[in-house]
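Me: I would like to learn how to read the features of a protein model, one after another. Could we take each general idea slowly before turning to the case itself?

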Amino acid sequence: MRRELPVSELVKTYPASGIRKMFNIAAEYDNLVNLTLGEPNFDTPDYIKEAAKKALDEGWTHYSVNVGLPVLREAVAERYRKTHWDGYTKDNVIISVGALEGLTLSLFALVNPGEEVIVPDPCFPNYYGQILLTGARAVPVPVYEENDYRLQAADVAKAITPKTRGIIINSPSNPLGSVMTKEDIEGIAGLALEHNLYVFSDEPYDQIIYEAEKPFSIAEIDAVRPQVIVLNSFSKSYAMTGWRVGYLLADASLVPNMAKIQEGIVSCVPAFSQIAAAEALKSTECVQQMRDEYARRRDILIDGINAIPGFSCKKSPGSFYAFVNIKAFGKSSEEFAEELIRNAGVVTVPGSAFGKMGEGYLRLVFANSDENLREGVRRISNYVKKAYPNIQA
């Protein structure tokens, strides 16, 4: 009998994906409406693809420098000079494999084993895993529906200890769809200054916002900027998820330390993808077009869900996620999500996949076709009316 081969303690403790569990259950069924996939349902715009094809023909198929091609780093810096701080240069930028690798580089360069990093709860679940990789500990801070799912400085302050090294903020938020106000951000900045903390500002949805011209970034605050690492990518705004191009902006003194980690993890981001990303930044017309589509689809999904007895959902001011309150059904979010797969033919993500405070909620994605969104709402409505005839609206 073959002995079981050992695996590391790290892989044993690395958090499993609650989203993946729903995918595994859904694999047992056909004809499902899937409202879980957190990516645009648009193809990458043609002008970006053409730039990649040209780059391939021109031989951009070799290793590039660890920090990224100067043309893309400068293009990113130029974008942020217009919106965040006019002092950004390419020396503040590293090109990464998506925003998550940018966070990983930052955590490895700035956080020590045994230290603590504060995260919002609910949050993007990979925050926990990446913090674990450093040997540090993630400290969740509750985010409440009554605060429109916005992280509050008063709640963060309660979690700060002598071991706290940094705070991760995410606005617009995945999974919550919330957008922190300028006052919210200023409160976090005050804590970072008072306690000498890093702030990892995860901003992949910063161009997918509906109620304001743009969200406020903590990197716009002069006093705290040296302690801020901005994380972003081309995945969401430019429908480039498969291209795996992201970036971070940090104080120029920190960048060489992160570049050392980049060299050991991925070496570099593919050069032709970087050339295409630099071309992407030359226009925001496609971003606006996709955002307009999302705004309409947001209304289809959230208005439809709110018309179903037992469901309650705030209108998401940013991202393409709806965080739906299902507490009226008296079941765990995982149990209810499984129920919708098996009986309604609709795949959602249980809120518990994003943290303890996500219990009693579902995450739905409206980056989908109008037809699928309407069909998903119709199926859920029909099932609830049949299975829960006495549920209160």
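Reply: Let us begin with burial: a residue is called buried when its relative accessible area is under 20%, exposed when that area is over 50%, and partly exposed in between, with a 1.4 Å probe and protein chains only. Please keep in mind that this is a predicted model, in which local features need pLDDT of at least 70 and side-chain atom pairs count only at pLDDT 80 or more, while totals for chains, interfaces and linings use all residues. Residues are numbered from 1 along each chain as its sequence is written, and side-chain values use heavy atoms, with hydrogens and water left out.

Me: Is Cys 313 buried or exposed?
Reply: Cys 313 is buried, because its relative accessible area is 7%. Cys 286 also counts as buried, with a relative accessibility of 9%.

Me: How many disulfides does the structure hold?
Reply: A disulfide is a pair of cysteine sulfur atoms within 2.5 Å, and the structure holds zero of them. For Cys 313, the closest cysteine sulfur belongs to Cys 123 and is 19 Å away, which means that the two are too far apart for a bond.

Me: How should I read a sheet, and in what order do the strands lie?
Reply: In general, the strands of a sheet pair through backbone hydrogen bonds, and they do so either parallel or antiparallel. Helices (H or I, at least four residues) and strands (E, at least two) are DSSP runs numbered from the N terminus, and two strands pair if DSSP finds at least two bridges between them. Here four strands form an open sheet with antiparallel pairing, in the order E9-E10-E13-E12. Strand E9 (312–313) and strand E12 (349–350) are the edge strands, each pairing on one side only. Strand E9 is joined by two bridges to strand E10 (residues 321–325), and these two run antiparallel; Cys 313 has Val 324 in E10 as its bridge partner.

Me: What is a salt bridge, and how many does a search of the whole structure find?
Reply: A salt bridge is a side-chain nitrogen of Lys or Arg within 4 Å of a carboxyl oxygen of Asp or Glu, and a search of the whole structure finds 29. One of them joins the side chains of Glu 9 and Lys 12, with 3.2 Å from N to O. These two residues are three apart in helix H1 (residues 9–13), so about one helical turn separates Glu 9 from Lys 12. Glu 9 counts as exposed at 55% relative accessibility, and Lys 12 counts as exposed at 53%.

Me: Which helix holds both Glu 78 and Lys 82?
Reply: Both lie in helix H4 (residues 70–83), four residues apart, which is about one turn of the helix. Glu 78 forms a salt bridge with Lys 82, and the closest N and O atoms are 4.0 Å apart. Glu 78 counts as partly exposed at 38% relative accessibility, whereas Lys 82, at 66%, counts as exposed.

Me: What parts of the chain does the salt bridge of Arg 296 and Asp 370 tie together?
Reply: The side chains of Arg 296 and Asp 370 meet in a salt bridge of 2.9 Å, N to O. Arg 296 lies in helix H11 (residues 285–306) and Asp 370 in helix H13 (residues 370–387), so the pair ties together parts that are 74 residues apart in sequence. Arg 296 is partly exposed, with a relative accessible area of 34%, while Asp 370 counts as buried at 12% relative accessibility. Elsewhere, Glu 211, Arg 298, Asp 299, Asp 303 and Lys 315 are linked in a network of salt bridges.

Me: How many aromatic pairs are found in the whole structure?
Reply: A pair of aromatic rings is described by the distance of the centres and the angle of the planes. Rings of Phe, Tyr and Trp (its six-membered ring) pair if their centres lie within 6.5 Å, and planes under 30 degrees apart count as stacked, over 60 as edge-to-face and the rest as tilted. A search of the whole structure finds 22 aromatic pairs. In one of them, the rings of Tyr 80 and Tyr 247 have centres 5.9 Å apart and planes at 80°, so the pair is edge-to-face. This pair links distant parts of the chain, with Tyr 80 in helix H4 and Tyr 247 in strand E8 (residues 246–249), 167 residues apart. Both Tyr 80 and Tyr 247 are buried.
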